[in-house]
Amino acid sequence: MDFLSYFALVVLFLVVLILAYGMIAIHDIPYHMAQKRNHPHQDAIHAGGWISLFTLHAIWPFLWIWATAYHPQGGYAGKPREKTDQAAAEGSDATSRVAALEKKIAALEANASKSRGPQSE
């Protein structure tokens, strides 16, 4: 064999090794995402990644979705809403409005019972 044949053989082996390493490295991406997000099911995602390796990454997209669906503060509901001063002011305003409406209802009920007077049955 000449030099070019040996060189082609070495390149072939390197390509096969790089592809094998790439497949193994790719299967772990959802697990690393789950670790970063402190996902409660990170062990299951890691096991699923290894299973995905043997199924030619057929379930890998679902593991990716599962890992990204969890947010550390909001859980599976997503990112928590930002609280602003305006929202807090509206909340306290709503509380005072409810209290005022309850007072009005109580006053109306008292007026209604006074205007009916004693009921004879």
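Predicted model: local features only at pLDDT ≥ 70, side-chain atom pairs only at ≥ 80, totals over all residues.
Figure 1. The structure holds 3 aromatic pairs. One of them joins Trp60 and Trp64. Their ring centres lie 5.3 Å apart, and the planes make an angle of 55°. Trp64 is partly exposed, with a relative accessible area of 34%.

**Figure 2. The aromatic pair of Tyr70 and Tyr76.** Tyr70 and Tyr76 pair edge-to-face. The centre-to-centre distance is 5.3 Å. The planes stand 70° apart. Edge-to-face applies here because the cut-off is over 60 degrees. Tyr70 is buried, at 15% relative accessible area. Tyr76 is partly exposed, at 44%.

**Figure 3. His39 and its contacts.** His39 lies in the loop between α2 and α3. Is His39 buried or exposed? His39 counts as buried, with a relative accessibility of 2%. Neighbours within four places in sequence are left aside in this view. The contacts of His39 are then Ala34, Ile45, Trp66, Ala67, Tyr70 and Tyr76. Tyr70 and Tyr76 are the two residues of the edge-to-face pair. Ala34 and Ile45 also take part in the contact between α2 and α3.

**Figure 4. Helices α2 and α3 in contact.** Two packed helices are described by the angle between their axes and the distance between the axes. Helix α2 covers residues 29–36, and helix α3 covers residues 42–54. Their axes come within 8 Å. The crossing angle is roughly 170°. The two helices are therefore roughly antiparallel to each other.

**Figure 5. Positive phi at Asn38 and Leu56.** Most residues other than glycine have a negative phi. Asn38 has a positive phi, near 55°. Asn38 is found in the loop between α2 and α3. That loop also holds His39. Asn38 counts as exposed, at 57% relative accessibility, whereas His39 counts as buried. Leu56 has a positive phi too, near 55°. Leu56 lies in the loop between α3 and α4. Leu56 is exposed, with a relative accessible area of 71%.

**Figure 6. The whole chain, for orientation.** The chain has 121 residues. How many helices and strands does the chain have? The count is 5 helices and 0 strands. From the N terminus on, the elements run α-α-α-α-α. Of the residues, 17% count as buried. The accessible surface comes to about 9,900 Å². Carbon and sulfur atoms supply 66% of that surface. Contacts between residues at least 6 apart in sequence were also sorted by separation. Of these, 49% join residues at least 24 apart.

How values were computed: Residues numbered from 1 in each chain as written. Heavy atoms only, no water. Phe/Tyr/Trp six-rings, centres within 6.5 Å; stacked < 30°, edge-to-face > 60°. Buried < 20%, exposed > 50% of the residue type's maximum accessible area, 1.4 Å probe, protein only. Axes fitted to C-alpha atoms, helices over the stretch in contact; angles between N-to-C directions. Helix = DSSP H or I, 4+ residues; strand = E, 2+ residues; numbered from the N terminus. Parallel < 35°, antiparallel > 145°, perpendicular 65-115°, else oblique. Contact = heavy atoms within 4.5 Å. Areas by Shrake-Rupley, 256 points an atom, 1.4 Å probe, with all protein chains shown as cover.
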